[in-house]
Amino acid sequence: MEGYRLTSGFKPTGDQPEAIRQLTEGLLRGDRAQVLLGVTGSGKTFTMANVIARVGRPTLILSHNKTLAAQLYSEMKGFFPDNAVQYYVSYYDYYQPEAYIPQTDTYIEKDLAINDEIDKLRLAATSALLSGRRDVIVVSSVSCIYGMGNPAAFYESVIDLAVGQRLDRNELLRRLLDSLYVRNDVSLSRGEVRVKGDTVDVALAYSDNLLRITFWGDEIEALDEVDPVSLARQCSFEEYHVYPANLFMTSKETQERAIRQIEEDLKRQVRLFEDEGKAFEAKRLFERVTYDVEMIRELGHCSGIENYSRYFDGREPGTRPFCLLDFFPKDFLLFIDESHVSVPQLRAMYGGDRARKTNLVNYGFRLPAALDNRPLRFEEFQAMTHQTVYVSATPADFELRESEGVVVEQLIRPTGLLDPVIEIRPRQHEADDLVEEIHQRIEAGERVLVTTLSKRQAEEFSEYLLSLGVSACYIHSDVDTLERVRIMEDLRRGTYDVLVGVNLLREGLDLPEVSLVAILDADQEGFLRSKVSLTQTIGRAARHIHGKALLYADRTTDSMRQCIDETNHRREVQLRYNELNGITPTPVRKEHAQTDLAQLAQKKEAEKAAYPVGTEEKTLAVADPVTQYMTPEQLRKSIQHTRTLMQKAAKQLDFLQAAQYRDEMLRMEQLLQSKQQA
C-alpha cells in the first residue's frame, strides 16, 4: 500500500527534529497520549506532518472551528499532494436547530442551507477511508463526533467494477439508484447518472470528474474518468469502486422495520402522555409523528428524519450513533489542535444537544428516540481513539494528566524570535504609566494591545487615549464582526496605534506589528486572567523582535506566577539556542494584503457616509443603512444576492466571510418580516 510522501521546501530546524523524534518514538512505542507544547510561530503543523509521514497511519486532525480546519487542510494538502488529504466539517452554510422554549411557548423550526461542495468533501473523506488506503489524512471540526450513517451499510452499497466484467446495463443502473444516484439524461449534476446507448456517465458524488462506463453488449469495455465539461478522457482504469451518493444508506426492508418500531414507540409515548394528563402533548406528538411516517413511507424521507436514525441503524435505546470515527481503522492516529480549546468543546457538545432535545421530547414535539441522534459523549469519544497527540501552546490540566507527563516541547522559532519580556507594575497610576509606554511604541512605529476586564472599561480607556491624541479603537463582542476585521486591518496598517479589547487571546490572531501587550487588572483571578488566558494574550507580542508584556497588578496571583515562570523558561531555552547556533532574531515580515472582509467593511463605511440615517442606525441589523428604505421585493432580491455570496464564500472554505453573509441575510429576512407585518 502506498505510504505518505512529504513534500516541502523546508527541513526541520530548531527543536523541530527532536520534537518529531520524540513524538514518533512515543507513537511507535504505543503511548496512548502525548502533548506537543509548541509556542506560536514554531511550526507545529510542519512537525505534525513529519510525524504523520514517519508513522504512516490514517490520521484524523481535529480543530475547534471551520476556519482553522480549512487552514490546516490547505497546509496538509501542500505537504502531501500525492496522498489522500480530506476535509470533513458540517455541511451547513447556516443552521438553526429545532428547539422549544417552554417559558414563552415558542417553537423554533429547524432551518438550514446545505453546502453542496462541503457535502462532496465529506463523501470524499468517507470514501477514501473505506477504500482501505493507509495514506489518508482527514482534517475535521467537531462534526466528526456527530451522528451519521452506518459505515457497514455504506460499504455494502459500494459498486465494484472491472474491465471485462459481465454486467447487464440495467442491473448497473438499478444498483446505482440503490446507492442513491439519480438518473438525469438531460443535464448532469453531482450524484446523477446519464445513459446514452452503451455509455453510462456517472457524476460521482465525491469527485469533480465523471466516470464513463462503456459497454460492449453485457460486458464492460472501458472505465474512464472524463472532464465534466469537455468530456475529454483524463485517465483509464482496469478496476473502479463507485461509492454511494449519500452518507445515509438504507434498504426497503430496513425502512419497513423502522416504520413499525416508530409506530410502536408512538403508541407507547402517546399512552404515557395521556396517563400523565398531557392530552395536548399526546395529540401534538401523534399528529407530527404520523405525518413523518407517511412522508417516509411515500418519499423515503421527511423533515427531521435524523431524529429517527436509531430505528434505521437498528440501535438499542441509549446507544451511541455511528460517526466519522467508525470509518477509521482501529489503529488510526489523532491530533487535537489547540487542545486547550478543542477538548472543552468536545465535552460540551453532548450536554447542549441533550438539553435542547429534552424539551422537544417532554412537550410532545419528538419521540424519545430523538435523544439518541446526538454527538458522542466525551467518554465515548475517548473510547474510540487509539493514540492521541494534544497540540497546544498552553495545554490544560486534562491533557497533561492524559499524557502522564509525556510533554514534547517545541519552543524555538525559525526566526529566532523570543517570547516577550514580562514586567509587573502597580495598578496605581497605571493609565499614566501605560500612556508613556504607548508613546514610546508609537515613535518606533509599533502597535499596542491593551486588554481590560469589561466592555465599558475598554470603551472608556480608548476614549481616554483619543482625548490625549492617541489613535486608538476598542473591540469587543458588541462590535460587528465585519467591523472587527476592518479594525484589525487598520491596526496593522497604522490607522490605529492602539487596540483596546476584553478578550484578545484568540488563537490564530496574527499581528506581527504588535510589540507591546498591556493587561489591566492582571491580578483579578478568573477566566480572562487564568494562566492559559494570560499566556495566550502575552503571546500576541511574540511575533515582534521587541515583544514586551506589562501586567498591571498589586499582587502576584498563582496564574500570573505560573505564566511568568513558563514564559521565562521558554525565553531561556530560546536564548540558549540562539547563542549556541549564532542566530540573530529577525522580525516577521507579513504583507497585510486586504482581505475581502475588510474590503466589504470599508464599502459599508462608505455607504454609511453617503447615506447618514441618524441614531437609529445602531438598531439596524443590516450593516447597509439603505436596506431600511427598500421595498419588500427589493429586500427579497438583496437576500437572494447575499445568499449567493454566502454560498460562494463557503465553497471557497472562507467560513468567516460566509458567516458574515449569513448573519446579514438573516437580519434582512427579519427586516422583511417586519415590513410585511407593518
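Two strands count as paired here when DSSP finds at least two bridges between them. Keep that in mind for the opening stop. One caution before we go: this is a predicted model.

Let's start with strand β1, residues 33-38. How many of its six residues are buried? Six of the six. Look at the two faces in turn. Ala33, Val35 and Leu37 sit on one side, and they are buried. Gln34, Leu36 and Gly38 sit on the other, and they are buried too.

Now the partners of β1. Strand β18, residues 387-392, pairs with β1 in the parallel sense over five bridges. To find that pairing on screen, go to Leu37, whose bridge partner in β18 is Ser392. Strand β19, residues 407-410, also runs parallel to β1, joined by four bridges. There, take Leu36, whose bridge partner in β19 is Val408.

Next, the nonpolar cores. The largest has 64 residues. Which residues have the most contacts inside it? Leu161, Leu176, Tyr181, Ile213 and Phe381. Helix α4, residues 116-130, gives the most to this core, with six residues. Zoom in on Leu176. Set aside its neighbours within four places in sequence, and Leu176 is in contact with Ile159, Tyr181, Val193, Val200, Val202 and Val242. As a general rule, nonpolar side chains in soluble globular proteins tend to be buried together.

On to helix α14, residues 455-467. It has 13 residues. From first C-alpha to last it reaches 19 Å, close to the 18 Å expected. Its buried residues are Ala458, Phe461, Ser462 and Leu465. Why do these four lie on the same side of α14? Because they cover an arc of only 100° around the axis. An α-helix has 3.6 residues a turn, so residues three or four places apart point the same way.

Glu460 forms one with Arg456, with the closest N and O atoms 2.9 Å apart. These two residues are four apart in the helix, which means about one helical turn separates them. Is Arg456 buried or exposed? Its relative accessibility is 62%, so Arg456 counts as exposed. Glu460 has a relative accessible area of 42%, so Glu460 is partly exposed.

The whole structure holds 46 salt bridges. Here are some others. Arg441 meets Glu446 at 3.5 Å, N to O. Both of those residues are buried. Arg315 meets Asp313 at 3.2 Å, N to O. Arg315 has 10% relative accessibility, so it counts as buried. There is also a network of salt bridges, linking Glu423, Arg425, Asp433, Glu437 and Lys548.

Asp490 lies in helix α15, residues 481-493. Asp490 is buried, because its relative accessible area is 6% and the cut-off for buried is under 20%. Not counting residues up to four places away in sequence, Asp490 touches Thr495 and Tyr496.

Last stop: backbone angles. Leu231 is not a glycine, yet its phi is positive, about 65°. Where does Leu231 lie? In the loop between β14, residues 219-226, and β15, residues 233-237. Leu231 is partly exposed, at 33% relative accessible area. Glu338 is another non-glycine with a positive phi, near 45°. Its loop runs between β17, residues 333-337, and α10, residues 339-362. Glu338 counts as buried, at 13% relative accessibility.

That's the tour. Questions, please.

Methods: Residues are numbered from 1 along each chain as its sequence is written. This is a predicted model: local features need pLDDT of at least 70, side-chain atom pairs count only at pLDDT 80 or more; totals for chains, interfaces and linings use all residues. Side-chain values use heavy atoms; hydrogens and water are left out. The expected span of a helix is 1.5 Å times one less than its number of residues. Buried means under 20% relative accessible area, exposed over 50%, partly exposed in between (1.4 Å probe, protein chains only). The arc is that of the directions from the helix axis to the C-beta atoms. A salt bridge is a side-chain nitrogen of Lys or Arg within 4 Å of a carboxyl oxygen of Asp or Glu. A nonpolar core is a set of buried Ala, Val, Leu, Ile, Met, Phe, Trp, Tyr and Cys residues joined through side-chain atoms within 4.5 Å. Contact means heavy atoms within 4.5 Å.
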